[in-house]
Amino acid sequence: VNCYEIGQLPIIISEGRTIIEELVKTIIKAKEQEPSADISNLERQLDNEVYALYGIVGTDRELIMKNYG
């Protein structure tokens, strides 16, 4: 994914945004406190929230995970 592709994504404002922000803050804090911390569970939660925010389900989600996950 390059900057142009990211710039083309629609920006969605919703309740999910708050959850995403909190997850990102938690991930950053965990890595600041312990750089080798296992944050895979938090990353999975973050992925799920972003998928839900954009309505990505089924085969589209599988395709994303296959190519970028």
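Predicted model: local features only at pLDDT ≥ 70, side-chain atom pairs only at ≥ 80, totals over all residues.
Ile64 sits in helix H4, which covers residues 58-68.

Which residues does Ile64 touch, leaving out those up to four places away in sequence? They are Tyr51, Ile56 and Gly69. Tyr51 is 13 residues from Ile64 along the chain. The C-alpha atoms of Ile64 and Tyr51 are separated by 9.9 Å. Tyr51 belongs to H3, where it is one of the buried residues.

## Overall fold

The chain has four helices and zero strands. Read from the N terminus, the order is α-α-α-α. Of the 69 residues in the chain, 13% are buried.

The chain exposes about 5,700 Å². Carbon and sulfur atoms supply 56% of that area. Among contacts with a separation of 6 or more, 40% join residues 24 or more positions apart.

Helix H3 spans residues 40-54. It has 15 residues. From its first C-alpha to its last, H3 reaches 21 Å, close to the 21 Å expected at 1.5 Å a residue. Its buried residues are Leu42, Leu46, Tyr51 and Leu53. Just after H3 comes Gly55, with a positive phi of about 70 degrees.

The largest nonpolar core has seven residues. These are Ile20, Leu23, Ile27, Ile39, Leu42, Leu46 and Leu53. H2 and H3 each supply at least two residues of this core. In soluble globular proteins, nonpolar side chains tend to be buried together.

## The nonpolar surface patch

Ile6, Leu9, Ile11, Val50 and Tyr54 make a nonpolar surface patch of about 470 Å². Ile6 comes from helix H1, residues 3-7. Ile11 lies in the loop between H1 and H2.

Is Ile11 buried or exposed? Its relative accessibility is 71%, so Ile11 counts as exposed. Ile11 and Tyr54, both in the patch, are 43 residues apart in sequence. In space, their C-alpha atoms are 9.3 Å apart.

How many salt bridges does a search of the whole structure find? It finds one. The side chains of Lys25 and Glu22 meet there, at 3.8 Å from N to O. That distance falls within the 4 Å cut-off, so the pair counts as a salt bridge. Side chains of opposite charge can pair when their charged atoms come close.

Where do the two partners sit relative to each other in helix H2? Lys25 and Glu22 are three residues apart in H2, which covers residues 15-33, so about one helical turn separates them. An α-helix has 3.6 residues a turn, so residues three or four places apart point the same way. Lys25 counts as exposed, at 52% relative accessibility. Glu22 is partly exposed, with a relative accessible area of 42%.

How values were computed:
Residues numbered from 1 in each chain as written. Heavy atoms only, no water. Buried < 20%, exposed > 50% of the residue type's maximum accessible area, 1.4 Å probe, protein only. Patch = residues over 30% accessible without salt bridge, like charges linked within 9 Å, V, L, I, M, F, W, Y side chains within 5 Å. Areas by Shrake-Rupley, 256 points an atom, 1.4 Å probe, with all protein chains shown as cover. Core = buried A, V, L, I, M, F, W, Y, C linked by side-chain atoms within 4.5 Å. Expected span 1.5 Å × (residues − 1). Contact = heavy atoms within 4.5 Å.
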